[in-house]
Amino acid sequence: MLFLKINKTDAEKARKMIMELGIFENEYKVENKGKYVYFPIKKKISDIGEIVELKGNKSKRRRSIEEILGKVLEKKELENLVRSYDLIGSIAVIEIPKELEKKEKEIAKAIIEVHPNIKTVAKKMSAVSGEYRTRKIKIIQGKRTKETIHKEHGCSFKLNAEKVYYSVRLSGERERVKQLVKPGEKILALFAGVGPFPITIAKNNAECEIISVESNPIAVKYFKENIILNKIKNIKVVEGDAGKIAEKYPEWADRIIMPLPKDGEKFLKSAIKSAKDGCIIHFYTFVESEDPLKKAEEIAAGKFLESNTKFKVVSKRIVRSYSPKIVQVVLDLRVIKNK
Ligand SMILES: C[S@@+](CC[C@H](N)C(=O)[O-])C[C@H]1O[C@@H](n2cnc3c(N)ncnc32)[C@H](O)[C@@H]1O
């Protein structure tokens, strides 16, 4: 094998050069010997330095999931699989269709090989259901724990992947909402789970006042731990019903976050009560995928009409597809009270 022999002090420059020339041989390891570094190269090029021949050591290149499972799964099965798992901290939560159950161990091992941070693979055993929006999961490979710490936008969220709801797929929304917050805002973070929306906001907006509401006592326990973990001082956590708590803060909020896409509209009237004039409500809802934004606006309009309150849609978008016929949508609604 050919190696470029370089004095250690010039190693970084040499690495850049051989990368730019496209001659770095990544199947082999870079060797360090005494005051020299030896870079494996694909071919001799004159004038780049001293070239020597060594046996070398093969590098352990990480294989892709397609390479590992290419012979075990059909192309379509592989595509579906890649779309069907979520990485939450050190846990991969995966959907195994009935016909692949016999291959689930191999699939789980492949996921661990591809993602070195993943220590546990668990399969979905039920749909997300109930008030707490949780699902049963079963560990099929790796460390026997359902508790993990998930890192997102510089924040850490401790959680149990079975006992609380946490969606990695809403990470973009948390970032978007964080960017909209202005200093000193009063924010009502309803349906807060283990705290991803309020903590992401608070981490960047120490002067805001945030009241968060969550009804799942286990999520509330983790939420309180996460406040300490992220050194947050400006969040008050209330365990209870979002509707009832919102009504205790009439005309209070500059911003209200409502990430309960299933039946969240039932709480819109209470949210409208706690909104100041000009308040922005981030309203998440599931709707059929045909003309979804119009459908979502109609749902919101109905609740504003019942509340005898005007509103303006300031932003609307499809967040993600939820099932073949259902999408999740978010509307940013400005509440108009003083006109
Ligand atoms: C879809 S999850 C969103 C959790 C979190 N905001 C996130 O983005 O991961 C909805 C959350 O609302 C909570 N919840 C459901 N109904 C509630 C209610 N009436 N009052 C307060 N929290 C409620 C559930 O327990 C769950 O944690």
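How many of the 9 residues of helix 6 (residues 196-204) are buried? I count 7, so helix 6 is largely enclosed by the rest of the structure. The buried residues are Pro196, Phe197, Pro198, Ile199, Thr200, Ile201 and Ala202. My cut-offs: a residue is buried with 20 or more other C-beta atoms within 10 Å of its own, exposed with 12 or fewer, and partly exposed in between, with C-beta atoms placed from the backbone. Helices (H or I, at least four residues) and strands (E, at least two) are DSSP runs, numbered from the N terminus.

**Ground rules.** I am working on a predicted model, where local features need pLDDT of at least 70, side-chain atom pairs count only at pLDDT 80 or more, and totals for chains, interfaces and linings use all residues. I number residues from 1 along each chain as its sequence is written.

**Whole chain.** I find 10 helices and 17 strands. The radius of gyration, taken over C-alpha atoms, is 26 Å, well over the 20 Å of the globule rule for 339 residues, so the chain is more spread out than a compact globule. That rule is 2.2 Å times the number of residues to the power 0.38. The C-alpha atoms fill a box of roughly 80 × 50 × 40 Å along the principal axes. Of the 339 residues, 34% count as buried. I also looked at contacts (C-beta atoms, placed from the backbone, within 7 Å). Among those between residues at least 6 apart in sequence, 64% join residues at least 24 apart.

**Domains.** The assignment, automatic or from a database, gives domain 1 (2-53), domain 2 (65-145) and domain 3 (164-336). The centres of domain 2 and domain 3, over C-alpha atoms, are 30 Å apart. Their contact takes 7 residues from domain 2 and 6 residues from domain 3. On the domain 2 side I see 3 nonpolar, 1 polar and 3 charged residues. Ala, Val, Leu, Ile, Met, Phe, Trp, Tyr, Cys and Pro count as nonpolar, Asp, Glu, Lys and Arg as charged, and the others, Gly among them, as polar.

**Ligand shell.** Which residues come nearest to the ligand? Of the 21 around it, they are Phe191, Gly193, Ser215, Asn216 and Ala242. A residue is near if its C-beta atom, placed from the backbone, lies within 6 Å. The shell divides into 13 nonpolar, 4 polar and 4 charged residues. Helix 6 and strand 12 (209-214) each supply at least two of its residues. Domain 2 and domain 3 each give at least three.

I checked strand 9 (residues 147-152) against strand 10. They pair in the antiparallel sense over 6 bridges; pairing needs at least two DSSP bridges. Glu147 has Asn160 as its bridge partner. The two strands form a hairpin with 2 residues between them, and His153 in the turn has a positive phi of about 50 degrees. Strand 10 (residues 155-160) covers one face, with Cys155, Phe157 and Leu159. Its uncovered face carries Ser156, Lys158 and Asn160.

**Single residues.** Ser171 sits in helix 5 (residues 171-180). Ser171 and Glu152 are 19 residues apart in sequence and 7.2 Å apart in space, C-alpha to C-alpha. Is Arg133 exposed, partly exposed or buried? Arg133 has 19 C-beta neighbours inside 10 Å, so it counts as partly exposed. Arg133 is not a glycine, yet its phi is positive, about 55 degrees. Asn308 lies in the loop between helix 10 (292-306) and strand 16 (310-323). Asn308 is exposed because it has 7 C-beta neighbours inside 10 Å.

Technical notes. Contact = placed C-beta atoms within 7 Å.
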